[in-house]
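Hi,

Here is the structure I promised to pass on. Have a look at it first, and then read on for my notes on the ligand site and one of the pockets.

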Amino acid sequence: MSATCVIGLQWGDEAKGKLVDLLTEHHDIVVRYQGGANAGHTVVAGDQTYKLSLIPSGILNPRVVSVVTGGVVLNPPSILGEIDQLVSRGVQVTSNLMLSDRAHVIFPWHISEDRAMDGSVSGGEAIGTTQRGIGPCYRDKVGRAHAIRLGDFYRPDFRDKIVHIAAAKNRMLPVWAGPDAAPLDGDAIYNEYRVYGERLKPFVADTTAYLLNAVESGKRLLFEGAQGALLDIDHGTFPYVTSSNSSGVGVSSGSGVPARWITKIIGVVKAYNTRVGGGPFPTEQNNEIGQHIRDKGNEYGTVTRRPRRCGWFDVVAARYTSRLSGVDVLAIMLMDVLSELPTIQVCTAYEIDGKRVTDFPSQLEDLRRAKPVYESLPGWQTEITGVRKYADLPPNARAYLARLSELVGRPVDVVSVGPDRSQTIWAKNG
Ligand code: IMP
């Protein structure tokens, strides 16, 4: 029995997709357990590039079953678009894809609400959501009265539910979005979503029962986190977070598989930090260093193409999220992006109101006032994209990795030096 989890420890976009792709061949089932079409990853397989958002990259391996659990919020046209893209390029999408009948569904009103509400966070600064309706759909899930799950599509009262909710939303939308908000047509939405439901039907299942049977019978599971732990709704930089448990704590609640089955947790970080959207970011480099990292790392959002904010590696944050997520080992990605820099800074502590702090603040206002305390390390200033063994990395690159590992308190298992599968260094291979 084994269950491995791949968890982002920063603000998302840690290149988890590449790692999941590499680990897939050693697993039977790949599980996506939270988030929605706000996440995105690009998978390069042979000469083909696939852009996936909801469907795990395990789908490219026909031996593996890809499962989207009830912790995910599903946007039917998005997932059908992904299925069509895959099928048109010869990828098998049949019984190797399962979608939970418990998954909550994103409807057009969620997207309107996301657009209308994002600018109105108390405190002024917008969250800067991906505007995919994620937050409003999770809000309706918790509120229950206006929620629709995938399993509801196949019940006789599906039309009534949609018409009832659309009428309620029509009363509320003008309050949020102003009097010009376009009214929702419940019947038209029903007719559109009924067709989506028919197309999705072959994939819909009770994935909780499936996964429980799978772990109990010795199948190897790989849990693929979306976003990063600092965006966790309960433990991240609230309210500048996403609406699900994107840290390691979300694996069990999102999938229904108890934590006792988890055997290995890999925490994924970049060799630096990035953030998309609003909220404090103590080590942000809004200068030529940040721009250099953005250019070298192609730091633009996969879903929204927004330029990502870039900065130095933040140990205070990474140590917190690796403890929070129960991380066993680290994977350090995009190491090659730093190769040209003569000096690299690492934030080892914060100074808040004159006090040195090494525990990540629970309050946003403290994080806003945090001044990073840096340690400077010499850069390696050598191309490393062709390196395949840890021992062949330049001494300063090894010293940087060793220092990150020491400060975060976890061993480094994997180092990525480029986007290709082959550009991966496994510590166990020397
Ligand atoms: P939402 O998830 O669309 O509600 O957006 C909430 C916050 O999470 C915003 O700051 C987004 O930029 C951020 N976010 C959501 N998904 C991702 C992701 O996959 N990578 C990085 N940031 C994300």
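Which of the 15 residues around the ligand come nearest? They are D13, N38, T130, T242 and R306. Please keep in mind that this is a predicted model.

In T242, a polar side-chain atom sits 2.6 Å from an oxygen atom of the ligand. For R306, an N or O atom of the side chain is 3.0 Å from a ligand oxygen. The backbone takes part as well: a polar backbone atom of V276 lies 3.1 Å from an oxygen atom of the ligand. On its own the ligand would expose 470 Å², and the protein buries 96% of that. Sorted by class, the shell around the ligand holds 7 polar, 6 nonpolar and 2 charged residues.

Now to the pocket. The second largest pocket has a volume of about 260 Å³, and 14 residues line it. Nearest its centre are L23, H26, K264, W426 and K428.

I'd be glad to hear what you make of it.

Best wishes

Conventions
Residues are numbered from 1 along each chain as its sequence is written. This is a predicted model: local features need pLDDT of at least 70, side-chain atom pairs count only at pLDDT 80 or more; totals for chains, interfaces and linings use all residues. Side-chain values use heavy atoms; hydrogens and water are left out. On a 1 Å grid over the protein atoms alone, a cavity is a set of points where a 1.4 Å probe fits but cannot get out, and a pocket is an open set with protein on both sides within 12 Å along at least five of seven lines; lining residues have an atom within 4 Å of a point. Grid points are joined across faces, edges and corners, and a volume is the space filled by probe spheres set on the points. A residue is near a molecule or strand if one of its heavy atoms lies within 4 Å of it. A polar contact is a pair of N or O atoms within 3.5 Å; within protein, one must be able to donate a hydrogen and the other to accept it, and residues adjacent in sequence count only if both atoms are side-chain atoms. Accessible areas come from the Shrake-Rupley method with a 1.4 Å probe; for residues, only the protein chains shown count as cover. Ala, Val, Leu, Ile, Met, Phe, Trp, Tyr, Cys and Pro count as nonpolar, Asp, Glu, Lys and Arg as charged, and the others, Gly among them, as polar.
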